[in-house]
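I opened the notebook to look at one helix pair and one loop. Entries follow in the order I looked things up.

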Amino acid sequence: MSSSPALSARGSRLAFLVVGLCWLAVLFDGLDMFIYGSVLPHLLATKTFGLTPDQAGDLGSYATFGMLVGALAAGTVADRVGRKKLMVSCVVVFSLASGVCAMADSLTVFGLGRTLAGVGLGGLLPTAISMVSDYAPRGRGAIVIGVLMTAHHAGGILSAYVAKWLVEPAGRRAAFWVCVIPLLFAPVLARLLPESLSFLVAKGRAEEARELADRYDVELPAVKSSGGQGAADRWNALVNLFRGGEWTQTLLYWLASFGGLLLVYGVATWLPTLMRAEGYELGSALSFVVVFNLGGIVGMLAAGRAADRFGAPRISAIWFALTAAGVFLLSVHMPMSVTMVVVFLTGVFLNSAQTMIYATVSIRSGPDDRATAVGWTSGMGRFGAVFGPWLGGQLLAANHGDWGFTAFALAGLSSMVFIGIAALRSGKSEGRSGAERELVGAR
């Protein structure tokens, strides 16, 4: 049954409102996530807090560990208080945590601020993805999520400019004070963002959901007779991932996700510092962050189309191979123009290769187990996100900074192998389906 033009127009306006607000929230998420890597060369050069490379790697891991906690807790908290309240709370948490970093006079306090920021950052992104999925026009879910994910990379670009414009003249505190500004956005988000319709229906707030749906002429989601998935159902879904021969498939997906997020967060944290170690000036090193994230924006928009045509497992394996080649080439000092092209292409493939792992898991999983399979694949990958920044710091501390890009390239190759084997073992392809378009966000 087709919707009337007026209904579609009003529904599209609601989708635009939700996506726009979530896009801004994720932009601030990206700014806060990338600001540490952008400021890190200055922190090491000025020996702020007496910072050493191995301590810098530990600090990078604190934020990603906080993100692990935030991501794992997000679903449970959102089910209790609602996605809107959780998103607002996450923005408040990572903004205030940046204030802690700005005021910090010791490494311990600064590390606490980065850990708390990670909790907010980890909780916001999956919640924002859920929100835009709820309100996306029918058949447009994949492209809407792709558009949302560009905000994270736009935040990375913004972080590089904040570092270039503020750190040298005003110091590192100024950069982190900029990351407190999203606190002013929290009341706007609280006032304008509608609550998730599916949450309202699930909680029995049918009248509130109907009023919101009538106001914008959108359809109410169907009420699930089961009232949602209970603890026993979730446990059964997890056990199903290991029944029969499925355990090898599950472990392959987890290993691929571990390597993928090690690569993503390792490069995000250490790119400017490693480029300086290769002989580039600080301004050039920060320009690479801009170009890298521009590539990420292009990659996020292109990956879904490529997966629709050639299959997500194949694209994931190819993307990781190209990422590994690009990351390895960054260890070679090349002319600036060539290096910029390599950094851009690396950003294109790296930032969407992990997303293709989630798409692959989504395709290959049954409808009853899909959410659990994707969630646990993401959760296991988060340990790689913690390990990547730490690894870069250890290599620099041991005066093996030239091995940094090589180590990250090997992580990309390992993910290529694991996702490739998993795809081959899965047997007969299920073809292109609606599940293939569920690009549930690589972060």
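Before reading any angle, I noted the cut-off: angles over 145 degrees count as roughly antiparallel. I also noted that this is a predicted model.

**Entry 1: the helix pair.** I looked up α3, residues 83-103, against α7, residues 185-192. The two pack at an angle of about 175°. Their axes are 9 Å apart. The angle is over 145 degrees, so I logged α3 and α7 as roughly antiparallel to each other.

**Entry 2: who meets whom.** Which residues does α3 bring to α7? I listed Lys84, Met87, Val88, Val91 and Val92 on the α3 side. On the α7 side I found Ala186, Leu189 and Ala190. I then sorted the contact by class: 7 nonpolar, no polar and 1 charged residues. Lys84 is the charged one.

**Entry 3: the loop between α1 and α2.** I moved to the loop that links α1 (5-45) and α2 (53-81). Lys47 sits there. Its phi is near 50°, positive although the residue is not glycine. Is Lys47 buried or exposed? I read 58% relative accessibility, so Lys47 counts as exposed.

Entry 4: How does Phe49 count by accessibility? Its relative accessibility is 23%, and Phe49 therefore counts as partly exposed.

Technical notes. Residues numbered from 1 in each chain as written. Predicted model: local features only at pLDDT ≥ 70, side-chain atom pairs only at ≥ 80, totals over all residues. Heavy atoms only, no water. Axes fitted to C-alpha atoms, helices over the stretch in contact; angles between N-to-C directions. Helix = DSSP H or I, 4+ residues; strand = E, 2+ residues; numbered from the N terminus. Parallel < 35°, antiparallel > 145°, perpendicular 65-115°, else oblique. Contact = heavy atoms within 4.5 Å. Buried < 20%, exposed > 50% of the residue type's maximum accessible area, 1.4 Å probe, protein only.
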